[in-house]
Amino acid sequence: MTPTNQERIWQVIHAIPSGKVSTYGNVALMAGLPRQARAVGKCLSQLPNASKIPWHRVINAQGKISFPADSERYDKQKQLLQDEGVFFFNNKIKLRVYLWQGE
DNA sequence: CATTTGACTTGTG
DNA sequence: CCACAAGCCAAAT
C-alpha cells in the first residue's frame, strides 16, 4: 500500500515510549520527512478526540508545549505527560532527560 | 493556480 | 530569558 506522510508520522509518534517526549522536527525527521515539523503539527491538529495517538508526547524544540500556558489544551497535555512520569521544570521539559531520538 | 496559514526551528540582538 | 525576523514546507482557502 502507499503509506501517506500522515501515516508515517502516526507510526513514529506511536513509537515514542511512555515517559519520553519528542519534538515536532524530530518526529518529522524520523518519519523521513525532514523540515516538515509544521506538517506534523497540522496532522495532530486534525486528530480526533478519541485518537489513540500519544500526541501529548510531542512538544516543540524549546522543550515547551506549543500552546499558550493558560489554555485548556496546555493543561491537558501537561497533565498527561506528568501522569507518564515526565515532569516540568518552570513550565519547561528537560529535553536532555526526556527527549527520545529513537532507540 | 496564487495566497494564506500553521500544535515549527533557528538565529540575532 | 524574551521579542522579532527569516527560513521552511505541506495543506487549506
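A phosphate oxygen of DNA strand B sits 3.0 Å from an N or O atom in the side chain of S66, a polar contact in the sense used here (a pair of N or O atoms within 3.5 Å; within protein, one must be able to donate a hydrogen and the other to accept it, and residues adjacent in sequence count only if both atoms are side-chain atoms). The model is a predicted one, in which local features need pLDDT of at least 70 and side-chain atom pairs count only at pLDDT 80 or more, while totals for chains, interfaces and linings use all residues. Residues are numbered from 1 along each chain as its sequence is written, chains are lettered from A and ligands numbered from 1 in the order in which they are written, and side-chain values use heavy atoms, with hydrogens and water left out.

Altogether 13 residues lie around DNA strand B, with R38, W55, N60, A61 and S66 coming nearest; to be near, a residue needs one of its heavy atoms within 4 Å of the molecule or strand. Sugar or phosphate accounts for 45% of the DNA strand B atoms within 4 Å of the protein, and bases make up the rest. Helix α3 provides the largest share of this surface, five residues, and both α2 (24-30) and α3 supply at least two residues each. Helices (H or I, at least four residues) and strands (E, at least two) are DSSP runs, numbered from the N terminus. By class, the surface near DNA strand B splits into six nonpolar, six polar and one charged. Here Ala, Val, Leu, Ile, Met, Phe, Trp, Tyr, Cys and Pro count as nonpolar, Asp, Glu, Lys and Arg as charged, and the others, Gly among them, as polar.

DNA strand C has R35, Q36, R38, K42, Q46 and K92 around it. That surface holds no nonpolar residues, two polar and four charged. Of the DNA strand C atoms within 4 Å of the protein, 41% are sugar or phosphate and the rest belong to bases.

Now for the backbone. R35, in the loop between α2 and α3, has a positive phi of about 65° although it is not a glycine. R35 is exposed, at 80% relative accessible area (buried means under 20%, exposed over 50%, partly exposed in between; 1.4 Å probe, protein chains only). N91 also shows a positive phi of about 65° without being a glycine; N91 sits in the loop between β3 (88-89) and β4 (92-93) and is partly exposed, at 32%.

As for the overall fold, chain A has five helices and four strands, running α-β-α-α-β-α-β-β-α from the N terminus. Of its 103 residues, 35% are buried. The C-alpha atoms fill a box of roughly 45 × 30 × 20 Å along the principal axes.
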